[in-house]
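Here are some notes to read alongside the model, written for someone opening it for the first time. Keep the structure on screen and go point by point.

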Amino acid sequence: MKTLLDSRQLHALVMLSRSGSFTLAAKSLFLTPSAVSHALKELEQRVGCLLLDRRRKKVVLTEAGEHLLHHAERILQEMSHACSSLEQLGKWGVDRLRIAASAAFCEFILPDVLTEFCREYPDSRLVIEASDTLEAIELVRANRVDLAITVEPKNERELEFHPLFTDALAFFVARSHPWAKAKQAIPAQISKQPCVLYKRNSYTFGLIEEYFLRDKIVLNTIIELGSVDAIKELVKRGLGVGILAPWVATREMEDHSLVTFPLGDRSLKRNWGIVYWHNRRFTWAEETFVKTCRSVVKKFTT
C-alpha cells in the first residue's frame with residue numbers, strides 16, 4: 001500500500017458518500033463524473049481495496065470505504081484548519097470571520113451584532129453569506145464559512161449546534177382581513193386562505209407544511225418568495241395570509257399594519273443557533289462573535 005493519500009481523491013470520496021451519485025459529486029467538485037470515477041479508482045488502487053459498491057443504483061461505500069471516510073473527513077478538516085491558520089499568520093493583527101446566516105437574520109439581527117463586534121475587532125475582515133438553513137450547513141461542511149447561524153438542523157452528527165434563541169411562527173394578516181375583525185384565525189378557513197410563504201425549498205417551509213399536515217390541513221400557497229419584506233408587503237395589501245416569526249414584523253405590529261394570531265393550539269417553535277464543525281476550537285474573534293450574538297438575541301427569546 002502506498003502511504004501517501006491524495007487530498008483531491010479524499011475530497012471526491014467524501015462528496016460521493018454524501019450524494020451517492022457520481023454526477024452530483026462531480027457537480028459539487030466542478031469536475032466531470034468520469035474524473036470523479038477515475039479519482040476513486042486510483043484511490044482504491046492506492047489503498048489496495050474496494051471502497052465503493054457499484055452494483056446498486058445509488059453508489060454506497062463498502063466497509064473499507066466507511067473506514068477510510070472517517071479518516072478522510074478528519075484529514076480534510078485538519079488541512080482546512082492548517083490553511084486558515086497560515087492565512088491568519090500572514091495577516092498581522094487581522095482576523096477573518098466568515099459567517100452564513102438566513103436573509104432574515106442578516107436584515108433584522110445581524111446589524112446589531114456586527115455593530116458591537118466591530119467595536120472590539122475593528123480590523124476584522126468579515127464575509128457574510130445570506131443562506132437558508134440547508135445551504136448554510138453545506139457551506140460549513142465545505143469549509144467555505146466558519147460559522148452558520150441557522151435553525152437547528154436534524155441528524156447532523158459531524159456538526160455542533162450552539163443554541164441562541166427560540167421563536168414561534170404565527171399567522172400574519174392585513175388589518176382589513178376578516179380574521180383581524182374576528183380577532184382570531186378561524187381553523188375551518190385555514191386551508192381555503194391564499195398563503196404568501198417563504199420559498200418552498202427552505203427549511204422553514206418544510207416545518208410549516210409538516211405542522212399543518214399533522215392536522216390534515218393542506219395550505220393553499222399561491223405565492224412563494226425569498227424575501228421577508230416582500231411577504232409582509234403582499235400580506236399588508238391583502239393578497240394572502242403570511243406565516244412569519246414576530247421578530248421580523250415588530251414595526252408592522254406596532255403600527256398595526258399587520259395583525260398576528262397563533263397558528264393553532266400547538267405552537268410551531270424554531271431553535272436558532274450557531275452551527276460549526278464538531279470539536280472545533282474557536283478563534284478569539286469567533287468566540288467574541290458568539291458572545292455578542294448571545295447578548296443581542298436575548299430580546300428574541302420566547
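1. Let's start with a charged residue in a strand. Arg-96 sits in strand 3, which covers residues 96-101. Is Arg-96 buried or exposed? Its relative accessibility is 16%, and buried means under 20%, so Arg-96 counts as buried. Have a look at Asp-146 too: Arg-96 and Asp-146 are separated by 50 residues in sequence, yet their C-alpha atoms lie 9.3 Å apart in space.

2. Before going further, a word on confidence, as this is a predicted model. The average pLDDT of the protein is 88, and 94% of the residues reach at least 70. Which element has the lowest mean pLDDT, and which the highest? Helix 4 (residues 63-89) is the lowest with 81, while strand 9 (residues 241-244) is the highest with 96.

3. Helix 1 spans residues 7-19 and helix 3 spans residues 33-47; their axes come within 9 Å and cross at roughly 115°. Angles of 65 to 115 degrees count as roughly perpendicular, so that is how helix 1 and helix 3 stand to each other. The crossing of helix 1 past helix 3 is left-handed. On the helix 1 side, the contact uses Gln-9, Leu-10, Ala-12, Leu-13 and Leu-16; helix 3 brings Val-36, Ala-39, Leu-40, Glu-42, Leu-43 and Arg-46. Sorted by class, this contact of helix 1 with helix 3 holds eight nonpolar residues, one polar and two charged.

4. Helix 1 also packs on helix 2. Here the axes of helix 1 and helix 2 are 8 Å apart, at an angle of about 130°. Helix 1 and helix 2 are therefore oblique to each other. What is the handedness of the crossing where helix 1 passes helix 2? It is right-handed. From helix 1 the contact takes His-11, Ala-12, Met-15, Leu-16 and Ser-19, and from helix 2 it takes Phe-22, Leu-24, Ala-25, Ser-28 and Leu-29. By class, the contact of helix 1 with helix 2 has seven nonpolar residues, three polar and no charged ones.

5. Two loop residues are worth a click for their backbone. Phe-30, in the loop between helix 2 (22-29) and helix 3, has a phi near 60°, which is positive even though the residue is not glycine. Its relative accessible area is 76%, so Phe-30 is exposed. Lys-183 lies in the loop between helix 8 (178-182) and strand 7 (194-198). Lys-183 is not a glycine either, and its phi is positive, at about 60°. With a relative accessible area of 69%, Lys-183 is exposed.

6. Last stop: Glu-252, in helix 11 (residues 250-254). How is Glu-252 classed, buried or exposed? At 2% relative accessibility, Glu-252 counts as buried. Leaving aside residues up to four places away in sequence, Glu-252 touches Lys-232, Lys-236, Ser-257 and Leu-258.

Technical notes:
Residues are numbered from 1 along each chain as its sequence is written. This is a predicted model: local features need pLDDT of at least 70, side-chain atom pairs count only at pLDDT 80 or more; totals for chains, interfaces and linings use all residues. Side-chain values use heavy atoms; hydrogens and water are left out. Axes are lines fitted to C-alpha atoms, for helices over the stretch in contact, and angles run from 0 to 180 degrees between N-to-C directions. Helices (H or I, at least four residues) and strands (E, at least two) are DSSP runs, numbered from the N terminus. Angles under 35 degrees count as roughly parallel, over 145 as roughly antiparallel, 65 to 115 as roughly perpendicular and the rest as oblique. A crossing is left-handed if the near helix is turned anticlockwise from the far one by less than a right angle, and right-handed if clockwise. Contact means heavy atoms within 4.5 Å. Ala, Val, Leu, Ile, Met, Phe, Trp, Tyr, Cys and Pro count as nonpolar, Asp, Glu, Lys and Arg as charged, and the others, Gly among them, as polar. Buried means under 20% relative accessible area, exposed over 50%, partly exposed in between (1.4 Å probe, protein chains only). pLDDT is the predictor's confidence in each residue, from 0 to 100.
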